[in-house]
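Please work through the exercises below with the sequence and the coordinates at hand. Each task is followed by a solution in steps.

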Amino acid sequence: QVTEGELATKCGNGIGFLRFLDDKIAAVEAQEKRIANYKRFLKGRQDVVKNAFMNGLKLAEKQEIITDNGVMKLRKNPPKVVVDCADMVPEEYMRKTITFTPDKTALKAALQKGEAIPGAHLEQGENLKY
C-alpha cells in the first residue's frame with residue numbers, strides 16, 4: 001500500500017521526468033526542422049551546379065566529357081505530359097474519381113444527440129495533465 005505522501009513524491013518526480021521528455025522532444029523537432037532546411041539548401045545548391053554544367057556542355061556543343069573522376073554527359077529524360085487546359089482534354093482521357101469521407105463534426109453532433117449511426121460511435125479517451 002502506497003501512502004498519500006509517497007504517491008505525491010512519485011507523481012512529483014514523474015512530472016519532472018515528463019517535462020524533461022517534453023524538452024527533449026522539442027529539441028529533436030527543432031533539430032529535424034534545421035536538418036530539413038539544410039537538406040533543402042543543399043538540394044538547391046546541387047541544382048544550381050547541375051544547371052551550370054548542363055549549360056556549359058550545351059554551349060560547348062558536347063554531349064559527354066570523360067574525366068578521371070567519371071563521365072559527365074547530357075541525356076534526355078522520358079517525355080512528360082503537360083496539361084495546358086484540363087477542360088479541353090477529351091473525356092476519354094479523363095479519370096473520374098469520387099471520394100466520400102466521413103464528416104466527423106456532423107457525426108459527433110448526431111451521436112451526442114443520441115442517434116445510433118452504423119459504423120460510428122463516440123469514444124471517451126483520457127489524458128494525463130502535468
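The exercises that follow concern surface patches, helix ends and backbone geometry in a predicted model.

**Exercise 1.** Determine which residues make the nonpolar surface patch of about 380 Å², and classify Phe20 as buried, partly exposed or exposed.

*Solution.*
1. The patch consists of Phe17, Phe20, Leu21 and Ile25.
2. Phe20 lies in helix α1, which spans residues 4-59.
3. In an α-helix there are 3.6 residues a turn, so residues three or four places apart point the same way.
4. The relative accessible area of Phe20 is 41%. Buried requires under 20% and exposed requires over 50%, so Phe20 is partly exposed.

**Exercise 2.** Identify the residues that form the positive surface patch, and state which element gives the most to this patch.

*Solution.*
1. The positive patch is formed by Lys39, Lys43, Lys50, Lys73 and Arg75.
2. Helix α1 gives the most to the positive patch, with 3 residues.
3. Arg75 belongs to the loop between β2 (70-73) and α2.
4. With a relative accessible area of 71%, Arg75 is exposed, because the class begins at over 50%.

**Exercise 3.** Describe the start of helix α2 and what follows this helix.

*Solution.*
1. Helix α2 covers residues 104-112.
2. At its start, a side-chain oxygen of Asp103 comes to within 3.3 Å of the backbone nitrogen of Thr105.
3. After α2 comes Gly114, with a positive phi near 100°.
4. Lys113 is placed in the segment after α2, and its relative accessible area of 70% makes Lys113 exposed.

**Exercise 4.** Which residue has a positive phi although it is not a glycine, and where is this residue placed?

*Solution.*
1. The residue is Glu61, whose phi is about 55°.
2. Glu61 sits in the loop between α1 and β1 (64-67).
3. Its relative accessibility is 73%; the cut-off for exposed is over 50%, and therefore Glu61 counts as exposed.

**Exercise 5.** State the C-alpha separation of Lys113 and Gly125, and that of Phe20 and Ala120.

*Solution.*
1. Lys113 and Gly125 are 12 residues apart along the chain, and their C-alpha atoms are separated by 19 Å.
2. For Phe20 and Ala120, the spacing along the chain is 100 residues and the C-alpha separation is 38 Å.
3. As to their places, Phe20 is in helix α1, while Lys113 is in the segment after α2.

Technical notes. Residues numbered from 1 in each chain as written. Predicted model: local features only at pLDDT ≥ 70, side-chain atom pairs only at ≥ 80, totals over all residues. Heavy atoms only, no water. Patch = residues over 30% accessible without salt bridge, like charges linked within 9 Å, V, L, I, M, F, W, Y side chains within 5 Å. Areas by Shrake-Rupley, 256 points an atom, 1.4 Å probe, with all protein chains shown as cover. Salt bridge = Lys/Arg side-chain N within 4 Å of Asp/Glu carboxyl O. Helix = DSSP H or I, 4+ residues; strand = E, 2+ residues; numbered from the N terminus. Buried < 20%, exposed > 50% of the residue type's maximum accessible area, 1.4 Å probe, protein only. Polar contact = N/O pair within 3.5 Å; in protein donor to acceptor, adjacent residues only side chain to side chain. Lys, Arg positive; Asp, Glu negative; His and termini not counted. Charge placed at Lys NZ, Arg CZ, Asp CG, Glu CD.
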